[in-house]
Amino acid sequence: MGTLLTVGFLITNLISYYAAKNTMRDSIINTSLPLTRDNIYSEIQRDIMLPVYVASLMANDTFLKDWVINGEEDLSTIQKYLREIKFKYHLFTSFYVSEKTKHYYYYGGLLKTLSKNDSHDKWYDEFISQHVPYELVVDTNQAANNALTIFINHRVYDYEHNLLGVTGVGLDLERITNLLSAYRVKYNRDIYLVDQEGLIKAHSDKELVEAANIRLMPGIKDIAHSVLNISQHSEDFEYNRHREHILLTKRYIPELRWFLLVEQSQDKAIANIWYNFIKSTILGLLVTAIVVFIIMSSVNYYNRRLERLAITDELTGSYNRREFSRIYDKAVQWYKKNEEPFSVILVDIDNFKIINDAKGHAAGDSVIKAVTRICKNSIRGNDLIARWGGDEFIMLIYGDSNTASTIAERIQRYMSQDEELLTITSDIDDITLSIGISEYTVTDSEDSITIRADKALYSAKESGRNKVIITQSPQKY
């Protein structure tokens, strides 16, 4: 027996081991990687959207336009303006390039005059030729020791829509790199940004920035085309790199026109599972019997609870509509076998909305439970009551419509005498019920008999409420 239990436990534990591996993998793909990706995306969006907004404000600033239109006089004025922009919004740089003079102004004054012979100045003509309102590019910042900077370039037009030049701000790429490095340490994942051509634009390894391209990197080059496909939806990929299985998720950042890539080694993530498997096997052998007992007890308990929940209404504890349908079918079989009649009673609480409005939903629930209790106390042992929906109840009564009518009148009488119900509704009119009754015939379905009862209930409502009305059944066969 001990051997059998040990073998059984080991088999179970092996299954659990592989299940844990799959669960870990699914968790990485469906939860942790996307969560990391979206957190970083939000951080980047926060850092990027402010500079974009500031650049747009500068491009539409009447002060800047007027200063340029008036001949770009008084260098100190534009210098103060650009310095104020830089420090107010905590930016790396701020600048303006004149279309007329090609002067490059920044927060420190006049940096240079653009030249077509300077390769570093080609960005200006390339941007102007694109005919887009703004762009984000990574370039070296000559005003800051050629530090890599994310520039937000924005066109500036005069009041007649003539091009005056280009203004904008710069965001230190180091901020993005530090953010990626922090997340890499925190989550033990490789996180980087690539442009639409696959060139790495930001990475915790600075040597890869502007130097490595995923189209040429081992493993990922095989899926690079799919990774670099622009999509509004996040996507997940897998590839192998040096015998290591890599899980990758991406998200396109339209403001940068770059892709955010987050990678994790599946092998490293599940490396500890084997150790946990050995440890859990040793410990599990000591507590197998207890665990089995607890599991079986719990399963049986919850199964019984689920069975009850499946057939009962949570608020009242009476049967629910589904269980009524099952018992109705049994009553039909009883009728066919014994030719003994049964009837359906449909009950509705009059002016229930007034109770809810005046007393609140808690009081309304108390009324529903009290009505359920009164109905249960009024019917016989083989009859049943079910909550039909809202403040409506349905009862299946073994007997003809006269028997059902007697029970219905008994319910109404108990309603007027119930102390708990009277206490709940002490400051409003008495709670009454409108009741419709229909007796079963061989031509009836559940729908047809309940429809007749519902019509009788409606007639009770129309005739002043607090009534019991028996519907006329079709010809019995």
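Is Arg-25 buried, partly exposed or exposed, and what is its relative accessible area? Arg-25 is partly exposed, with a relative accessible area of 23%; buried denotes under 20% relative accessible area, exposed over 50%, and partly exposed the range in between (1.4 Å probe, protein chains only).

The model is predicted: local features require pLDDT of at least 70, side-chain atom pairs count only at pLDDT 80 or more, and totals for chains, interfaces and linings use all residues. Residues are numbered from 1 along each chain as its sequence is written, and side-chain values use heavy atoms, with hydrogens and water left out.

**Salt bridges**

A salt bridge is taken as a side-chain nitrogen of Lys or Arg within 4 Å of a carboxyl oxygen of Asp or Glu. By this rule the count is 22 salt bridges. One of them joins the side chains of Arg-25 and Glu-238, at 2.5 Å from N to O. Because Arg-25 belongs to helix α1 (residues 2–59) and Glu-238 to strand β9 (residues 235–241), this pair ties together parts 213 residues apart in sequence. Helices (H or I, at least four residues) and strands (E, at least two) are DSSP runs, numbered from the N terminus. Glu-238 is partly exposed, at 33% relative accessibility.

| Pair | N to O distance |
|---|---|
| Arg-25 and Glu-238 | 2.5 Å |
| Lys-116 and Asp-125 | 3.2 Å |
| Glu-99 and Lys-102 | 3.9 Å |

Lys-116 is exposed, at 68% relative accessibility, whereas Asp-125 is partly exposed at 35%. In the remaining pair, Glu-99 counts as partly exposed at 28%, and Lys-102 is likewise partly exposed at 24%.

An open sheet of 5 strands has the order β13-β14-β12-β15-β16, with mixed pairing; two strands pair if DSSP finds at least two bridges between them. Neighbouring strands are turned by 20° against each other on average, direction ignored; axes are lines fitted to C-alpha atoms, for helices over the stretch in contact, and angles run from 0 to 180 degrees between N-to-C directions.

Strand β13 runs antiparallel to β14 (residues 392–397), and 5 bridges join the two. Arg-387 stands opposite Phe-393 in β14. Helix α14 (residues 446–462) packs on this sheet, touching β12 (343–349), β13, β14, β15 (433–439) and β16, where contact means heavy atoms within 4.5 Å. The direction of α14 makes about 145° with that of β15.
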